[in-house]
Amino acid sequence: MTKFFQIVQELILLELLFKKERDFMSNDSEAVLVVGAGPVGLVATASLISQGIPVKLIEATADLAQDLRASTFHPPTLDFLDKLGIAKKLVDQGLVCENWQFRDRKKGVIATFDVGLLKGETSFPFRLQCEQWKLTNALREFIDNHPDGELITKTKAETVGQTDDSVWVSVLNEDGSREKFEGRFLIGSDGARSVVRKAIGSEFEGLTIPEIFLVLSTNFRYENAIPDLANIAYISDPTEWLVLLRTLSLWRVLLPTNPEHSEDFIMDPKNVEKRLQAVFPSSEPYDVVHKTAYKVHERVANKYIKGRIFLAGDAAHINNPLGGMGMNGGIHDAVNLVEKLAKVWHGAPLETMGRYERQRRKVAIETVQAQALKNRAILNATDADQRSAYHAELQGIVANKEKHKEYVMRSAMITSLRELEKVD
């Protein structure tokens, strides 16, 4: 009997040793922690695990967002996603747009820009109109099928911190329990209200645009109703400018809205119908599939890095959507960050990450924010002489092939990526 108990004790001891080894092997400290599973956090996660770096991706919601949100993919973004084998899936599910327009609400086309001029500069010489959730689904599938990726949902990050050689995230689970994840590095891609940004003491400097932006999605076929309409059209007017964006299934209409109006007034179906009828009169009521109204900010964090913690995407910078640079710029952040973090993971000094901040803050301020503000200024101009000057400038650019390509290179965010190489 004594021999039997001795054998049992030895088996228990062996089991405890095996459990300890298993726990060590799955220790969070041997992973990168990513907070926020929007496009930026998903791209960062997919890029890291594709290089053999384990990631725990922490998301507060029960499932990833399936609403419309962003829809424009610029060429270099597709080049990046192609390395993950995702670009073709998006192209197959989206609308290829080889040109886009500035228009006047009364005069019609002012200038049409040819994205096809980018042939030879990118594998995707077009803008792709494709709903953001299609990217989210493709990235989630990539992560779920990879042994080094783990998506943890219904888990809200409350506080983050770090030591000299590790990071941690304290989270609140859906059931009310709390726990702590540990890792070697942490990426905050948790949006404009970022917990991570606040935790590292980064100020979100900038301004709030006066108008509310109202976005309406409808099945109305604007391409059949408005002559010579491109799938992407920025339409100026001294009274009310607007933007028309087409996807495979519907059109999106963006309208500036008086911030003094209540949300109930703005979203009232009668008022929505009235505004859509003003865009283009229809004998039938508009079929509105989705509507949202939101405040717009132009802000850039004054620092992207503190020790082993990094910011990317909306956690680092937000801007108005005119030009489709928000999501694209955030994805470019993720790719740049991962490129450098992979080197640090494999032994490069932590100071290597400083160049990420210098490069991406420069783009956020000098390219993304500047271009978005310039687009708004052109659309929002009310003075007749100023409007004529803007229109003449755009027409002059299109008429000159060299300037035309240069403009398209910049608006497609290719120029800004190449200029980054000059930033030490």
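## Arg410 and Glu419

Glu419 counts as partly exposed, with a relative accessibility of 27%. In this predicted model, Glu419 pairs with Arg410 in a salt bridge whose closest N and O atoms are 3.4 Å apart. Arg410 is also partly exposed, at 33% relative accessibility.

## Other salt bridges

The count of salt bridges comes to 21. One of them joins Lys154 to Glu174, with 3.7 Å between the closest N and O atoms. This pair links distant parts of the chain, 20 residues apart: Lys154 is in the loop between strand E8 (149–152) and strand E9 (155–162), and Glu174 is in the loop between strand E10 (167–173) and strand E11 (178–183). Lys154 is partly exposed at 38% relative accessibility, whereas Glu174 is exposed, with a relative accessible area of 61%.

Arg246 and Glu223 also meet through their side chains in a salt bridge, at 3.4 Å from N to O. Because Arg246 belongs to strand E15 (residues 242–246) and Glu223 to helix H7 (residues 222–225), the pair ties together parts that are 23 residues apart in sequence. Glu223 is partly exposed, with 23% relative accessibility.

## Cysteines

The count of disulfides is 0. For Cys97, the closest cysteine sulfur is that of Cys130, and the distance of 11 Å is too far for a bond, since a disulfide requires sulfur atoms within 2.5 Å. Cys130 is likewise in no disulfide.

Cys97 is buried, with a relative accessible area of 2%. Cys130 is buried as well, at 0%.

Technical notes:
Residues numbered from 1 in each chain as written. Predicted model: local features only at pLDDT ≥ 70, side-chain atom pairs only at ≥ 80, totals over all residues. Heavy atoms only, no water. Buried < 20%, exposed > 50% of the residue type's maximum accessible area, 1.4 Å probe, protein only. Salt bridge = Lys/Arg side-chain N within 4 Å of Asp/Glu carboxyl O. Helix = DSSP H or I, 4+ residues; strand = E, 2+ residues; numbered from the N terminus.
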